[in-house]
Amino acid sequence: MNFRDTMLDNYKEILKTYISDQTEQALYLSEKFSRKLLECKVSPEEMISLHKTSIMELEPDLPESLLLSLDILLEVMMAYGLAYREHQSLRTIQRELINEIEVAASMQQTLLGTQIPHLSSLDIGAISVPAKQMSGDYYHFVSHENGAISVAIADIIGKGIPAALCMSMIKYSMDSMPDDSQAPGDVLERLNRVVEQNVDPTMFITMFSGLYHPENHTFHYSSAGHEPGFFYNSEKGIFEELKAKGLLLGVDKKAKYNEYERKVEVGDVILLMSDGVTECRTEDGFLEVDTLIGYIEKYIQLGAQDIADKVYKELEYLQDFQLRDDFTLIILKRIA
Amino acid sequence: MNISIDVREQELQTTITLAGEIDAYTAPKLRETAFPYTEKQYANVVIDLSGVSYMDSTGLGVFVGLFKSLNANEGTLKLVGLSDRLKRLFDITGLADIMNINSVAEGGV
């Protein structure tokens, strides 16, 4: 028995039951039948033709006019059939797009991958968790020939695919910067010119750029409108904000970026973060800076990666595991 | 997560009063509504943010966009009624130095 005959038999059975005694059972069966129709991609006009065949077999004495009317109904339903088929093909396309985005997201991971440098005097940890599939946060490390380490953390305002493309641009301009222009202020000034010229005018970037010199243990840094980081002074056991002023990248091509310097002693910790950390929303409002520092302090004696992971876990719990913004935290801890 | 946008057009300036939250969900609506007022030449746009309880970086992006558009058309943008939290956002991003920002809302124009 082919598919149409099976469906015809099923349908005739439902019709017969309902015509003889109008039970709930028949209604239930027709609902089931309609799901089966959708599953097997039967169009509305095909269904009307099925109805006509069934009723002619069940009730041979029906007036001709009623049967003719079904032909018109069938014609009228054709447009619905077309719309239905269009819907089917859109669903296929949608599935393909979802796949493409998944591929793009994993490509982003690969393309933007950065190697955490290994230094005997500095323990480095990093965690970055996107709120959606593609992250707007970005961090990057560059190891220089003279042993210095550049670190950058950025938040691309404007999410999704345009932001991801923008990030690749940043990464490649950072990687292709000559070794003699490592100064964080210069890095930001160069990137600002790149972003100002190339990026869609509604998209902006905040970025913190730092340079660690292992030979004299100084940290130079500049900020382009980025969330200030923290500095843990281990001798005094206090946290200070790494204050730095500077305009967002991409607003004014003549923007200048001041450079700040900090001496790092053994045990001191530099914490860089995205606004997904400080703007973390809790049930009773926003995360207070003191609360955040409390979490960091709790784990400050651990290794750099452990601090990052543990603080993330605490904030994830605080937000009920529903991340609203991309979350990035970088820890640099001087160990020798 | 909602925003209300009220626009009052006067001869010399357009006042846009916002209330609610400006984030990735509401920012597009704000951009669409406010942008046309920035595209006229010599437009003076005042945005009152006293009713805004939350704003994230996407919202900030909208204001930079409006600011750029007004600059290009020789207009002015003034933001009034910023809460401490919002003020901090404009301070950190360096925008407070280039934009006209006032934490007190201007009464009875």
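## Chain A: make-up and overall form

Chain A of this predicted model contains 9 helices and 12 strands; helices (H or I, at least four residues) and strands (E, at least two) are DSSP runs, numbered from the N terminus. The radius of gyration of chain A, taken over C-alpha atoms, is 32 Å, well over the 20 Å that the globule rule gives for 336 residues, so chain A is more spread out than a compact globule. That rule is 2.2 Å times the number of residues to the power 0.38. Along the principal axes, the C-alpha atoms of chain A fill a box of roughly 100 × 45 × 35 Å.

Of the 336 residues of chain A, 31% are buried, that is, 20 or more other C-beta atoms lie within 10 Å of their own, with C-beta atoms placed from the backbone.

## Helices 3 and 4 of chain A

Helix 3 (residues 44-58) and helix 4 (residues 64-111) of chain A have axes that come within 6 Å and cross at roughly 155 degrees. Axes are lines fitted to C-alpha atoms over the stretch in contact, and angles run from 0 to 180 degrees between N-to-C directions. The two helices of chain A are therefore roughly antiparallel, the term for angles over 145 degrees.

Residues are in contact if their C-beta atoms, placed from the backbone, lie within 7 Å. Helix 3 of chain A contributes residues including A:Ile48, A:His51 and A:Met56, and helix 4 of chain A contributes, among others, A:Leu70, A:Met77 and A:Tyr84. By class, this contact has 11 nonpolar, 3 polar and 2 charged residues. Ala, Val, Leu, Ile, Met, Phe, Trp, Tyr, Cys and Pro count as nonpolar, Asp, Glu, Lys and Arg as charged, and the others, Gly among them, as polar.

## Chain B

Chain B has 4 helices and 5 strands, in the order β-β-α-β-α-β-α-α-β from the N terminus. Its radius of gyration is 13 Å, close to the 13 Å that the globule rule gives for 109 residues, so chain B is as compact as a globular protein of that length. The C-alpha trace of chain B spans about 30 × 30 × 30 Å along its principal axes, and 38% of the 109 residues count as buried.

## Where the chains meet

The contact takes 21 residues from chain A and 14 residues from chain B. Strand 3 (149-157) and strand 4 (204-213) of chain A each supply at least two residues of the side that touches chain B. That side of chain A has 8 nonpolar, 5 polar and 8 charged residues.

## Basis of the description

Residues are numbered from 1 along each chain as its sequence is written, and chains are lettered from A and ligands numbered from 1 in the order in which they are written. In this predicted model, local features need pLDDT of at least 70 and side-chain atom pairs count only at pLDDT 80 or more, while totals for chains, interfaces and linings use all residues.

Definitions and conventions
Contact = placed C-beta atoms within 7 Å. Buried ≥ 20, exposed ≤ 12 C-beta atoms within 10 Å, placed from the backbone. Parallel < 35°, antiparallel > 145°, perpendicular 65-115°, else oblique.
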